[in-house]
Amino acid sequence: MGKTIRTEAVDSLFDAIMCLENKEECYTFFEDICTVNELLSLSQRFEVAKMLREQRTYLEIAEKTGASTATISRVNRSLNYGNDGYDMVFKRMEK
């Protein structure tokens with residue numbers, strides 16, 4: 001059985017994130033809670049997901065984002081077989 005992310009600690013973190021009111025507050029909070037590399041990795045995965053939805057090739061994505069093919073493959077697997085979290089967010093961002 002795999003590890004569950006549904007814990008009180010994760011709930012508390014998500015509650016904290018949901019109380020952020022604007023992009024500047026996001027920068028302030030995430031710069032405190034994440035290392036620069038962690039934040040850049042998250043943003044890279046998000047960019048990879050956007051480019052995969054645009055039907056870009058792995059080569060194009062790797063060149064533009066610097067992501068490894070392993071990272072691109074993991075993001076692609078999440079897009080195709082995950083919980084549809086990326087799609088939910090992309091749809092909301094389109095509005």
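**Cysteines and charged pairs**

Guide: Gladly, and please keep in mind that this is a predicted model.

Visitor: What makes Cys 34 count as buried?

Guide: The relative accessibility of Cys 34 is 18%, and buried means under 20%, so Cys 34 counts as buried.

Visitor: How do you know that the sulfur of Cys 34 is too far for a bond?

Guide: The closest cysteine sulfur, in Cys 26, is 11 Å away, whereas a disulfide requires two cysteine sulfur atoms within 2.5 Å, and therefore the pair is too far for a bond. The count of disulfides comes to zero; Cys 26 is in none, the nearest cysteine sulfur, that of Cys 19, being 9.6 Å away.

Visitor: Why is the contact of Lys 50 with Glu 47 called a salt bridge?

Guide: Their closest N and O atoms are 3.2 Å apart, and the cut-off asks for such a pair within 4 Å, so the contact qualifies as a salt bridge. Lys 50 and Glu 47 are three residues apart in helix 3, and are therefore separated by about one helical turn.

Visitor: What makes Asp 87 and Arg 53 a pair that ties parts together?

Guide: Asp 87 forms a salt bridge with Arg 53, with the closest N and O atoms 3.4 Å apart. Because Asp 87 lies in helix 6 and Arg 53 in helix 3, the pair ties together parts that are 34 residues apart in sequence.

Notes:
Residues are numbered from 1 along each chain as its sequence is written. This is a predicted model: local features need pLDDT of at least 70, side-chain atom pairs count only at pLDDT 80 or more; totals for chains, interfaces and linings use all residues. Side-chain values use heavy atoms; hydrogens and water are left out. Buried means under 20% relative accessible area, exposed over 50%, partly exposed in between (1.4 Å probe, protein chains only). A salt bridge is a side-chain nitrogen of Lys or Arg within 4 Å of a carboxyl oxygen of Asp or Glu. Helices (H or I, at least four residues) and strands (E, at least two) are DSSP runs, numbered from the N terminus.
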